[in-house]
Amino acid sequence: MQAWLLFALLSALMAALVSIFGKIGLSQVDANTATAIRAVIMALFLLGVVLFEGKWSAFGEVIANKKALSFIVLSGVAGALSWLFYFVALKYGKVAQVGPIDKLSVVLAVGLAFVFLGERVSLIGGIGIGLIAVGTLLVAFGS
């Protein structure tokens, strides 16, 4: 199995667990506070990974590259907003509805990659993206 596929599948599994654990954890607490706690845990965990890998000096490289830093900051803000909206949606909705709608990000990412990065998809890929969009809506609103 190719490395990218293994890590993508592990990412999907962990994202699924975020939904399940998050829904259980949100039953009696504020969604934004829960998201903040989650973010702190993630930051501490990832700092530990960087330390374990001996890559602490790479922070300086990123900070020195203003363009990279700017887009990483924007990505962080977008990610934080995504988490905030996701946890609020989980607080009030069903995982079986919120999870699929969240995965419309795949469709949006491909569209934005086309517009901003010039990435193209094949006809088969375009059909697949369309099926993801339709399937997402069927799962979220079909019950």
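Helices (H or I, at least four residues) and strands (E, at least two) are DSSP runs, numbered from the N terminus. This is a predicted model: local features need pLDDT of at least 70, side-chain atom pairs count only at pLDDT 80 or more, and totals for chains, interfaces and linings use all residues. Residues are numbered from 1 along each chain as its sequence is written, and side-chain values use heavy atoms, with hydrogens and water left out.

**Exercise 1. Overall layout**

Task: Give the helix and strand counts of the protein, then its box along the principal axes.

Solution.
- Step 1. The protein has 7 helices and 0 strands.
- Step 2. Along the sequence the pattern reads α-α-α-α-α-α-α.
- Step 3. The C-alpha atoms fill a box of roughly 50 × 45 × 30 Å.
- Step 4. Of the 143 residues, 13% are buried. Buried means under 20% relative accessible area, exposed over 50%, and partly exposed in between (1.4 Å probe, protein chains only).
- Step 5. Take the contacts between residues at least 6 apart in sequence: 70% of them join residues at least 24 apart. Contact means heavy atoms within 4.5 Å.

**Exercise 2. UniProt ranges against the model**

Task: Which residues does UniProt list for "domain: EamA", and which ranges does its "transmembrane region" annotation cover?

Solution.
- Step 1. The unreviewed UniProt entry lists residues 3-140 for "domain: EamA". UniProt positions are given in the numbering used here, feature names are shortened, and annotations may be inferred rather than shown by experiment.
- Step 2. In the model, residues 3-140 are 87% helix and 0% strand, with the end C-alpha atoms 31 Å apart.
- Step 3. According to the unreviewed UniProt entry, "transmembrane region" covers residues 36-56, 68-89, 95-116 and 123-142.
- Step 4. Residues 68-89 are 100% helix and 0% strand, and their end C-alpha atoms lie 31 Å apart.
- Step 5. Residues 95-116 are 95% helix and 0% strand, again with an end-to-end C-alpha separation of 31 Å.

**Exercise 3. Helices α2 and α4**

Task: At what angle do α2 and α4 pack, and is the crossing left-handed or right-handed?

Solution.
- Step 1. Helix α2 spans residues 31-53 and helix α4 spans residues 66-92.
- Step 2. They pack at about 130°, axes 9 Å apart. Axes are lines fitted to C-alpha atoms, for helices over the stretch in contact, and angles run from 0 to 180 degrees between N-to-C directions.
- Step 3. α2 and α4 are therefore oblique to each other. The classes are roughly parallel under 35 degrees, roughly antiparallel over 145, roughly perpendicular from 65 to 115, and oblique for the rest.
- Step 4. The crossing is right-handed. A crossing is left-handed if the near helix is turned anticlockwise from the far one by less than a right angle, and right-handed if clockwise.
- Step 5. From α2, A31, N32, A34, T35, R38, A39 and M42 meet W83, L84, F87, V88 and K91 of α4.
- Step 6. These residues divide into 8 nonpolar, 2 polar and 2 charged. Ala, Val, Leu, Ile, Met, Phe, Trp, Tyr, Cys and Pro count as nonpolar, Asp, Glu, Lys and Arg as charged, and the others, Gly among them, as polar.

**Exercise 4. T35 and S19**

Task: Are T35 and S19 buried or exposed?

Solution.
- Step 1. T35 is found in helix α2. Its relative accessible area is 5%, so T35 is buried.
- Step 2. Beyond its neighbours within four places in sequence, T35 contacts W83, L84 and F87.
- Step 3. S19 is found in helix α1. Its relative accessible area is 7%, so S19 is buried.
- Step 4. With neighbours within four places in sequence set aside, S19 contacts Y86, L90 and V95.

**Exercise 5. Helices α4 and α5**

Task: How are α4 and α5 oriented to each other, and which residues make the contact?

Solution.
- Step 1. α4 and helix α5 (residues 95-102) pack at about 155°, with axes 8 Å apart.
- Step 2. α4 and α5 are therefore roughly antiparallel.
- Step 3. Their crossing is right-handed.
- Step 4. Y86, A89 and L90 of α4 make the contact with V95, V98, G99 and D102 of α5.
- Step 5. By class, that contact has 5 nonpolar, 1 polar and 1 charged residues.

**Exercise 6. Helices α6 and α7**

Task: Which residues of α6 and α7 meet?

Solution.
- Step 1. Helix α6 (residues 104-117) and helix α7 (residues 123-141) pack at about 150°, axes 9 Å apart.
- Step 2. α6 and α7 are therefore roughly antiparallel.
- Step 3. α6 passes α7 in a left-handed crossing.
- Step 4. L104, V106, V107 and V110 in α6 meet I129, I132, A133, T136 and L137 in α7.
- Step 5. The α6 contact with α7 has 8 nonpolar, 1 polar and no charged residues.
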